[in-house]
Amino acid sequence: MNGLVRFWPSGRSIKVKPGTTLLEAARRANVPIKTRCGGNAACFMCKVSVRPGSELLPISDNERRKLAGLEDSQMRLACQARASGVVDVDIPLDPLRAAVARQLARQAEEDGPLW
Ligand code: FES
């Protein structure tokens, strides 16, 4: 049985073999996920949020250690989390873009309607 990984907010999706990491799936689907360690669970830059109901292989001890303190969240390392079926992945906004978006929203709120 094949898996399917869907990336949000782009809506791009790709069929994958079970065991494929979310990072591999993202690369094949042309969804950018920043990394610095090349997928070795060292940089923590590939954090993604996996929606409830997503079908993943059990988390590895290594990934669990890396995510210490975030166990209750839906946060996973894309380079370590492996699909086993249908997976929905939310890609977090780049921190700089997120800061700009927050500032623009704040400014729009202060300025009020344009007409
Ligand atoms: S790519 Fe570096 S921790 Fe996942």
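**Salt bridges in the predicted model**

Good morning. I begin with arginine 6, which at 28% relative accessibility counts as partly exposed; here, buried means under 20% relative accessible area, exposed over 50%, and partly exposed in between, with a 1.4 Å probe and protein chains only. The structure is a predicted model, in which local features need pLDDT of at least 70, side-chain atom pairs count only at pLDDT 80 or more, and totals for chains, interfaces and linings use all residues. Residues are numbered from 1 along each chain as its sequence is written, and side-chain values use heavy atoms, with hydrogens and water left out.

Arginine 6 forms a salt bridge with aspartate 88, with 2.7 Å between the closest N and O atoms; the term requires a side-chain nitrogen of Lys or Arg within 4 Å of a carboxyl oxygen of Asp or Glu. This pair links distant parts of the chain, strand 1 (residues 3–8) and strand 5 (residues 86–90), 82 residues apart. Helices (H or I, at least four residues) and strands (E, at least two) are DSSP runs, numbered from the N terminus. Aspartate 88 is buried, at 14% relative accessible area.

How many salt bridges does a search of the whole structure find? The search finds 3.

In another, aspartate 90 meets arginine 51 at 2.8 Å, N to O. Aspartate 90 lies in strand 5, and arginine 51 in the loop between strand 3 (47–50) and helix 2 (61–66), 39 residues apart. Both are partly exposed: aspartate 90 at 23%, arginine 51 at 33%.

Finally, arginine 76 and glutamate 63 form a salt bridge at 2.8 Å, N to O. Arginine 76 lies in strand 4 (residues 75–77) and glutamate 63 in helix 2, so the pair ties together parts 13 residues apart in sequence. Arginine 76 is buried at 12%, and glutamate 63 is buried at 0%.
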